[in-house]
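Please read the following walk through one protein chain with its sequence and structure at hand.

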Amino acid sequence: MFSILNLQSLLGLVVIVAACWGLSENKRAFPWRLTLGAIGVQALLVLGLFAIPGSQNVLAAITGAVDGLSLATTEGAKFVFGWLAGGDQPYQVTNPAGMFTFAFNVLPMILVISALSALLWHWKILKWLTHGFGILFQKTMGLGGASALAVAANIFLGMVESPIVIRAYLDKLTRSEIFLMMVVGLATVAGSTMVAYATILAPTLTNAAGHVLVASIVSAPAGVLLARIMIPEKPGEGGQVADYGSALKYDSAIDAIVKGTADGLMVVLNISAVLIVFVALVALVNIMLGGFWLFGDHVTVERLLGWIFMPVAWLIGIDWAETGKAGWLLGVKLTLTEFVAFIRLGEVPVGEMSERTRMLLTYALCGFANIGSVGITVTGLSVLIPERREEVLGMVWKALFAGFLATLMTAAVVGAMPASIFR
């Protein structure tokens, strides 16, 4: 049964595509077939994981796997950090909720998943999954083999790791293809962080693990579409043929685990540093704004972001009564990273936010498109293709805009569907 909220989401799809077209470098080259194809692929992927008979069993299995990984990680964290990570407490606990510590309860999960991902890649399980999605995107969206493989890799790997998969082809990619790779990297998340997000949301969102997984997969076609609209491929360019080999290799299972853990440690350190700096900067701005009042309360970055993003939240299909909090969370994602936004979303009590709003925000927040990731993108690609650093710098803010809109587009696609398929 369709409602006015479904129509809002459809309107949001039109506005998002139109916004990217307005910034297009060639407005005459609008990809109509790709637009219909990308939205169709998104809808089919969502339906395939939620509406097909038996899909709930798959979601239950995904949730069980995440719970198992969480329990196993907790054991490892308790061994190293003791009572700080939930081990035997040396004193009486009067506030159990206060025992949650991001550094000890969430970040260790990234280490475990990073090592496990490297092992699955070495065993060719993750590699074949990536190749399968790469062929799907190549056949359905007309991407060149190298670009399709990079897009697929972004679903499971990070936005810096995925270009390594096609390192041999990076210097041959066109400007449009590099931009596409950047946008998809910002529109999706890595497998190592995906499980952490699901763990944060699990207490308040049914099938949290399934929603987070689907969000990252479905945002890839959205990123491809919006990137192609903003910087279209020139006739006769692109289409690099890839042999689906990979520069990402490990010598043995132990080598994969060790290197995967080391890579995970770099991710953990980067996330920790970015969170410390950006949370501190926002706090500093709030201190500076402390003397200003508006509508009977102090002006803060959070309140300003909430007002700015209220119309955006409405366009993806959220009821206007909840757009204030939803807009604030979208602003938090853009400025303070999606990690902080997911934590804040997980802290909202079940009774204070509708299931639909919580679900749509999960999709809208699930992507690396934040200001901190701009630096990570530039640094990573500057190392891999230093001769094209100026080109990357010239496109990175456009990529952030498109990547942010890609996650909103995914939320709008989900919001346009009947609510009954998610029950």
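In this predicted model, the side chains of Arg175 and Glu25 meet in a salt bridge, with 2.7 Å from N to O. The two residues come from distant parts of the chain, 150 residues apart. Arg175 belongs to helix H9 (residues 175-187), while Glu25 sits in the loop between helix H1 (4-22) and helix H2 (32-50). Arg175 counts as partly exposed because its relative accessibility is 32%, and Glu25 also counts as partly exposed, at 42%.

How many salt bridges does the structure hold? The number is 8. One of them joins the side chains of Lys325 and Glu352, at 3.6 Å from N to O. Lys325 lies in helix H14 and Glu352 in the loop between H14 and helix H15 (355-365), so this pair ties together parts that are 27 residues apart in sequence. With a relative accessibility of 33%, Lys325 counts as partly exposed.

Another salt bridge is formed by Arg344 and Glu347, whose closest N and O atoms are 3.7 Å apart. Both residues are in helix H14, and because they are 3 residues apart, about one helical turn separates them. Arg344 counts as partly exposed, at 32% relative accessibility. Salt bridges that share partners also join Glu25, Arg175 and Lys398 into one network.

Helix H14 takes part in a helix pair as well. Two packed helices are described by the angle between their axes and the distance between the axes. For helix H13 (residues 301-315) and helix H14 (residues 323-347), the axes come within 6 Å and cross at roughly 110°. H13 is therefore roughly perpendicular to H14, since angles of 65 to 115 degrees count as roughly perpendicular. On the H13 side, the residues making the contact include Leu305, Phe309, Met310 and Trp314. On the H14 side, they include Ala326, Trp328, Leu330 and Val332.

These elements belong to a protein with 17 helices and 2 strands. Of its 423 residues, 54% are buried. Among contacts between residues at least 6 apart in sequence, 76% join residues at least 24 apart. The accessible surface comes to about 18,400 Å², and carbon and sulfur atoms account for 69% of that area.

Part of the surface is a nonpolar patch formed by Phe79, Val80, Phe81, Trp83 and Leu84. Together these residues have about 520 Å² of accessible area. Val80 lies in helix H3 (residues 55-81). Is Val80 buried or exposed? Val80 is exposed, because its relative accessible area is 59% and the cut-off for exposed is over 50%.

Gly87 counts as buried, at 15% relative accessibility. Leaving aside residues up to four places away in sequence, Gly87 touches Lys78 and Gly82. Gly87 and Glu75 are 12 residues apart in sequence, and their C-alpha atoms are 8.6 Å apart in space.

The backbone can be looked at next. Most residues other than glycine have a negative phi, and most peptide bonds are trans. Lys124 is not a glycine, yet has a positive phi of about 70°. Lys124 lies in the loop between helix H5 (107-122) and helix H6 (125-141), and counts as partly exposed at 41% relative accessibility. Thr337 likewise is not a glycine and has a positive phi, of about 85°. Thr337 lies in helix H14. Thr337 is buried, because its relative accessible area is 8% and buried means under 20%.

The last stop is Leu393, in helix H17 (residues 389-415). Leu393 is partly exposed, with a relative accessible area of 34%. Leu393 and Val378 are 15 residues apart along the chain, and their C-alpha atoms are separated by 6.7 Å.

Definitions and conventions. Residues numbered from 1 in each chain as written. Predicted model: local features only at pLDDT ≥ 70, side-chain atom pairs only at ≥ 80, totals over all residues. Heavy atoms only, no water. Patch = residues over 30% accessible without salt bridge, like charges linked within 9 Å, V, L, I, M, F, W, Y side chains within 5 Å. Areas by Shrake-Rupley, 256 points an atom, 1.4 Å probe, with all protein chains shown as cover. Salt bridge = Lys/Arg side-chain N within 4 Å of Asp/Glu carboxyl O. Helix = DSSP H or I, 4+ residues; strand = E, 2+ residues; numbered from the N terminus. Buried < 20%, exposed > 50% of the residue type's maximum accessible area, 1.4 Å probe, protein only. Axes fitted to C-alpha atoms, helices over the stretch in contact; angles between N-to-C directions. Parallel < 35°, antiparallel > 145°, perpendicular 65-115°, else oblique. Contact = heavy atoms within 4.5 Å.
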